[in-house]
Amino acid sequence: MQKPRNIAVLAILTIVCAWMVGCGGCNPEPVPSGMSPTQGPESGGTTVQITGEKFDMKNGVTVTFGGKNATGVTVPSETQITAVTPGGIAGESVSVVVTNKGKPEVPVTLSQQFTYTDATPPTVTMTDPTDGTVISEYEDSLNVRNSLTVSFSEPVDSNTVSVSVAVAKTEDSLSEPMDATLGGTVSGTGDAVTFTSDMPMRAGRMYTVTVTGAADMAGNTLVSPHSFSFSITSPEKLDRYRVQQEDIQEENGEAALKRIAARPEIFDNPEMWERLVAANQDDYIFDRTKLSVGQRLWIPRGAAWGDK
């Protein structure tokens, strides 16, 4: 009675072994050997061709980049796979794994890795002065500041950054700006650049700054211009003024008087320097060619002087 049963068991085992051998041959491990391209933007979307052997055309394959599933995976032949990369982190190199979907599933890692490149353009994160700043404290109304700073979300090539500065009068200013724009140069390293103006920024003016260009180290450029504005209030008008060192250090005489007359707290107009001469030479012995530091000047105003 045992002999027929043993024969039946042996027969079943033989069938099972034959099936296992045959099934194993139906779904061999994939043999990926190459990939092109080997890099693409961090945003994903790069179409990659993987070459090799024994890719499962019937059941398909899965492809992962750094553990993330690729999309649009196709198997046009046993030696080729097409896949679209998922998103990643800029600068990171990740493993690429191919798995035939037929059972058993055996993941195989390519010898090459895929590197994600920077695809994100820089943005402006901070400015100095900040947008809307009103500067009301300063020592010299004609030389309040001569630079401003722009910071970005990542390092940029300062040679690609363009800064333009438009100049307008403030409501409390007595004069219009002589030039509608302010020239200057851009310099910097890392994630910040500095604009240094050709002429000092003065009181009674609003400055509107527009930043363009700004390419990062991967060549991604600021998507759209970034603008911000700040203003410098005019000081209170003076009836008396003490000559400062900066008034006469470049040149005395008429040039110094013009500089004084141009001050927002005086006349805000260099061409009114002769009024200073006329008023002060009647008040005391006044030598227009030899102003001295600390010398007091009377600032004449009113209808008697032609003011409205």
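**Figure 1. A look into the largest pocket, with 33 residues around it.** In this predicted model, the residues nearest the centre of the largest pocket are Leu142, Met178, Met199, Arg202 and Ala262. The space inside comes to about 940 Å³. If you sort the lining by class, you get 13 nonpolar, six polar and 14 charged residues.

**Figure 2. The helices and strands that line the largest pocket.** Which element gives the most to this lining? That's α3, with four residues. At least two residues each come from β14 (181-182), β16 (192-201), β17 (205-213), α2 (245-248) and α3.

**Figure 3. Valine 165 in strand β13.** Here we zoom in on one residue of β13, a strand that covers residues 161-169. Is valine 165 buried or exposed? Its relative accessibility is 2%, so valine 165 counts as buried; the cut-off for buried is under 20%. Setting aside neighbours within four places in sequence, valine 165 is in contact with Ala180, Thr181, Leu182, Phe195, Tyr207, Thr208 and Val209.

**Figure 4. Helix α4 and what covers it.** Helix α4 takes in residues 273-281, and its buried residues are Trp273, Arg275, Leu276, Val277, Ala279 and Asn280. Keep the helix repeat in mind when you look down that list: an α-helix has 3.6 residues a turn, so residues three or four places apart point the same way. What sits over the buried residues of α4? The cover includes α3 (254-261) and β20 (296-298).

**Figure 5. Leucine 291, in the loop between α4 and β20.** It's a loop residue, and with 4% relative accessibility leucine 291 counts as buried, because the limit is under 20%. Which residues does leucine 291 touch, once neighbours within four places in sequence are left aside? The contacts are Ile248, Asn252, Ala256, Leu257, Ile260 and Phe286. Aspartate 128 makes a handy reference point: leucine 291 and aspartate 128 are 163 residues apart in sequence, and 37 Å apart in space from C-alpha to C-alpha.

**Figure 6. An open sheet of four strands.** Reading across the sheet, the order is β1-β3-β7-β6, with antiparallel pairing. The edges are β1 (31-36) and β6 (71-77), and each of these pairs on one side only. On average, neighbouring strands here are turned by 20 degrees against each other, ignoring direction. A reminder for anyone tracing the backbone: strands of a sheet pair through backbone hydrogen bonds, either parallel or antiparallel. As for side chains, in a regular strand they alternate between the two faces of the sheet.

**Figure 7. Strand β7 and its two partners, β3 and β6.** How many bridges link β3 (residues 47-53) and β7 (residues 80-84)? There are five, in the antiparallel sense. Among the bridge partners, threonine 51 goes with glutamine 80 of β7, and isoleucine 50 goes with isoleucine 81 of β7. β6 and β7 are also paired in the antiparallel sense, over three bridges. Glutamine 80 turns up here too, as the β7 bridge partner of serine 77. To get from β6 to β7, follow the hairpin through two residues.

Note on methods
Residues numbered from 1 in each chain as written. Predicted model: local features only at pLDDT ≥ 70, side-chain atom pairs only at ≥ 80, totals over all residues. Heavy atoms only, no water. Pairing = 2+ DSSP bridges. Axes fitted to C-alpha atoms, helices over the stretch in contact; angles between N-to-C directions. Buried < 20%, exposed > 50% of the residue type's maximum accessible area, 1.4 Å probe, protein only. Contact = heavy atoms within 4.5 Å. 1 Å grid on protein atoms, 1.4 Å probe; cavity = no way out; pocket = protein on both sides within 12 Å on 5 of 7 lines; lining within 4 Å. Points joined across faces, edges and corners; volume = space filled by probe spheres on them. Nonpolar A, V, L, I, M, F, W, Y, C, P; charged D, E, K, R; others polar.
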